[in-house]
Amino acid sequence: MGLFTRFRKQSSDGSLHGGDTGFYPLYESQRPILPEEKSGWWKSRRASPDYDTWDRKLSELDGSVAREERRRLPWWRPAHWRGRRKRWWAVRIVAAILLLFFALVAWLAVTAPLSKSLEPIAAPQVTLLASDGTPIARSGAMVDEPVEVEDLPPHVVQAFLAIEDRRFYSHWGVDPRGIARAVWTGRGGGSTITQQLAKFTFLTPEQTLTRKAREALIAFWMESWLTKDEILERYLSNAYFGDNQYGLRAASLHYFYRHPENLRPEQAAMLAGLLQAPSRYNPTKHYDRAKRRMDLVIEAMVDVGYITQEEADALPAPKLDVRTRDDLPTGTYFADWALPLAREGMEASYSRQVLTTTLDARLQALASRVTSRAALGEAQIALVAMRPSGEVVAMVGGKDYSASPFNRATQAKRQPGSTFKLFVYLAALEAGWDPEDTIANTPIETGSYRPKNSRDRYSETITLEDALASSSNVAAVRLFNEVGSKNVIRTARSLGVNSPLPEGDPSLALGTSTMTLLELTAAYAGVAANSFPVEPYAFPKEEQGWWEWLTTPSDSVPTRAHDDLEQMLRAAVNRGTGRAAQLPIANYGKTGTTQDNRDALFVGYAGDLVVGVWIGNDDNSPLDGITGGGLPARIWKDFMRGALALPAPKPSAVPDPEGPIQPFDIEDGAEIPLDENGSAIRFEEDGVILNTEIEGMPIEFRLGEDGLAVEPSR
């Protein structure tokens, strides 16, 4: 019965009736028979089912169910996106494109700001002067003030447009027709002027599809924000024209000695022709090539209609007018170190700069002279001279800059050898040790690291002062272990050493960790000034204000420890391994010789100068008999004599032959130079000592109560 009741009509009160209440004609049609349909001639007729309405409602119901099922699916499932209406997709695709566009604009604003196209693409020329105003080096590109299109003669602009971008004023940054024409005829560039500006202003010269895509994108962007004249002005003001000339103004002044506003048509055509290959068509070196390229530019101007054929035929070959300029070296060891420091604080501009440095021309000449006459053989040399404040006054980075511009004073990281012992002994003095305190000087026969003393000189004990003076290795390692590697490294760091220093390695006491000569010399400058760290600088500093003085951290050694350290460094020069560097005034220093004589150093100070000297081979091979107490110490002494204007020690006047013979009045420890090679004789309490060099080997002759002793000088 339940099945048949589903076909009955429901009454207004919800009950089911038979007979006159009527039944649904079909199960699928649920529309009831209305009362008014029971009267009239159609009373006896059955109501017909509404199939269309029922199908439509079923479809809506099925669609709602499907949409709800898709909505409940995760967004990354493909079924989540099926069945979307075309309008739905279109709206969202347009929104995504707009979001992508705004993201690209924001990205370009950060990575390719328009203001960059107003800056020179090459660093402008910088001339460096010594402290007395003497020019020492000139480096950088020749750039000049930007040009303005409205000030240029029409034939100047037309020459560049004809050969580089004929449809410049009609395209939107990328010109497919221009590309096709360039491929077909071989004339004109495939890239528009806007693309070229985008390339050399914002991008690298790599030839990849990614770079070309970015180039086109930036070109469209520039066309949207800049006028055509602004784009052309920036292009002409930055393009490279060869001979280190950047920009139309610099190029026109260089090749024809006239401003671009006064260029003749043939001159403009020659300059326009240089852009394709500036080095290949450089008229100062390849005038015939430049002339042929100029003819091609003029022919292009005729094709476009800028000039007639008669006017083109009447144009003469331009005459170059390259004015001579002061020939300064484009680089020196000092200039290569100083220029990057200068450019860090320079604002990008087209103006040339003239900067005064701290370099002392007289001291630089002296350093070059002293190092050039040294008997180096195949070895290289480096010398750094600075004031205790860090003001660098002389620098030599090798034997010959033209042969090798590699700066061994600032770029080469080599082992400092025993010059590193400065930090070990200073750490000990700060920890409470005294120069008179003793430490074992016997061979180290336990442990994995067993250093040896030079010439196997040992003793039961030795004072710290004598240990530093004689450069005892075993004493330095024992002291390093007593003080602790952390304290030694902390001392080195406080003096400005930034190079890696391995903790817990006892060989560090003997200078096995590498650093530059400039870094090492600056650390000794900190000791000389007793104010550190010392930062080497190449340009005069402004006088420090009270706020800078208050906020700039500096450190110093307690007076007693500093005096003790200088006493020990003085002993190293007077009676230790640095005797060859002794001066008639107080001077302080330390020698350094690394394993197998791979590096030889002397670093010290006297007066108001701190100087470091290094000798070694670039391939790190052993030196031929050169030690820190030999040639480096003598070079240091020769430089200091001239730098401090010290008179060479001389014996008393020749005695009167007719009078009594007067002995030389020479104090103990005084040294008399014998020749220009550093040979000298010194008188001590226990005898006479002669230091000289035989075939590059430093030799020490000692004449005392035990007779004559000959041994290598360290």
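Me: Is F334 buried or exposed?
Reply: F334 is buried, at a relative accessible area of 2%. Buried means under 20% relative accessible area, exposed over 50%, and partly exposed in between, with a 1.4 Å probe and protein chains only. This is a predicted model, where local features need pLDDT of at least 70, side-chain atom pairs count only at pLDDT 80 or more, and totals for chains, interfaces and linings use all residues. Residues are numbered from 1 along each chain as its sequence is written, and side-chain values use heavy atoms, with hydrogens and water left out.

Me: Which helix is F334 in?
Reply: F334 lies in helix α13. Helices (H or I, at least four residues) and strands (E, at least two) are DSSP runs, numbered from the N terminus.

Me: What does F334 touch, leaving out residues up to four places away in sequence?
Reply: F334 touches I136, T357, T358, L359, V392, M395 and A538. Contact means heavy atoms within 4.5 Å.

Me: And how far is F334 from T410?
Reply: They are 76 residues apart in sequence and 9.4 Å apart in space, C-alpha to C-alpha.

Me: Which strands does α13 lie across?
Reply: Helix α13, residues 333-344, lies across β1, β2 and β5 and runs at about 120 degrees to β1. Axes are lines fitted to C-alpha atoms, for helices over the stretch in contact, and angles run from 0 to 180 degrees between N-to-C directions.

Me: What is the strand order in that open sheet of three strands?
Reply: The order is β2-β1-β5, with mixed pairing. Two strands pair if DSSP finds at least two bridges between them. β2 (135-139) and β5 (353-356) stand at the edges with a single partner strand each, so one side of each has no neighbour in the sheet. The twist averages 20 degrees from one strand to the next.

Me: Do β1 and β5 pair in the parallel or the antiparallel sense?
Reply: Strand β1 (residues 126-129) and β5 pair in the parallel sense, over four bridges. L128 has L355 in β5 as its bridge partner.

Me: Moving on to β12. How many of its residues are buried?
Reply: Eight of the eight residues in strand β12 (residues 609-616) are buried. Both faces are covered, with L609, V611, V613 and I615 on one side and V610, G612, W614 and G616 on the other.

Me: What about its partners, starting with β6: how many bridges?
Reply: Strand β6 (residues 380-386) pairs with β12 in the antiparallel sense over seven bridges, and A385 stands opposite V611. Strand β11 (residues 599-606) also runs antiparallel to β12, joined by eight bridges. There, Y605 has V610 as its bridge partner.

Me: Which residue takes a positive phi in the β11 and β12 hairpin?
Reply: G607 does, near 60 degrees, and the hairpin has two residues between the strands.

Me: Which residue other than glycine has a positive phi near 65 degrees?
Reply: N244, in the loop between α8 (228-238) and β4 (245-246). N244 is partly exposed, at 34% relative accessible area. D596 has a positive phi near 60 degrees and lies in the loop between β10 (587-593) and β11. D596 also counts as partly exposed, at 46% relative accessibility.

Me: Is the peptide bond from F532 to P533 cis or trans?
Reply: The bond is cis, with omega near 5 degrees. P533 sits in the loop between α19 (517-529) and α20 (546-551).

Me: Back to helices. At what angle do α4 and α11 cross?
Reply: The axes of helix α4 (residues 154-164) and helix α11 (residues 287-304) cross at roughly 95 degrees and come within 8 Å. That makes α4 roughly perpendicular to α11. Angles of 65 to 115 degrees count as roughly perpendicular, under 35 as roughly parallel, over 145 as roughly antiparallel and the rest as oblique.

Me: Which residues make the contact?
Reply: From α4, H155, Q158, A159, A162, I163 and E164; from α11, R293, L296, V297, A300, M301 and V304.

Me: Why is α17 largely enclosed?
Reply: Nine of the eleven residues of helix α17 (residues 473-483) are buried, so the rest of the structure largely encloses it. The buried residues of α17 pack against α15 (421-430), β8 (438-441), β9 (459-463), α16 (464-469) and α18 (485-494).

Me: How many helices and strands in the protein?
Reply: There are 22 helices and 17 strands. Of the 714 residues, 45% count as buried.
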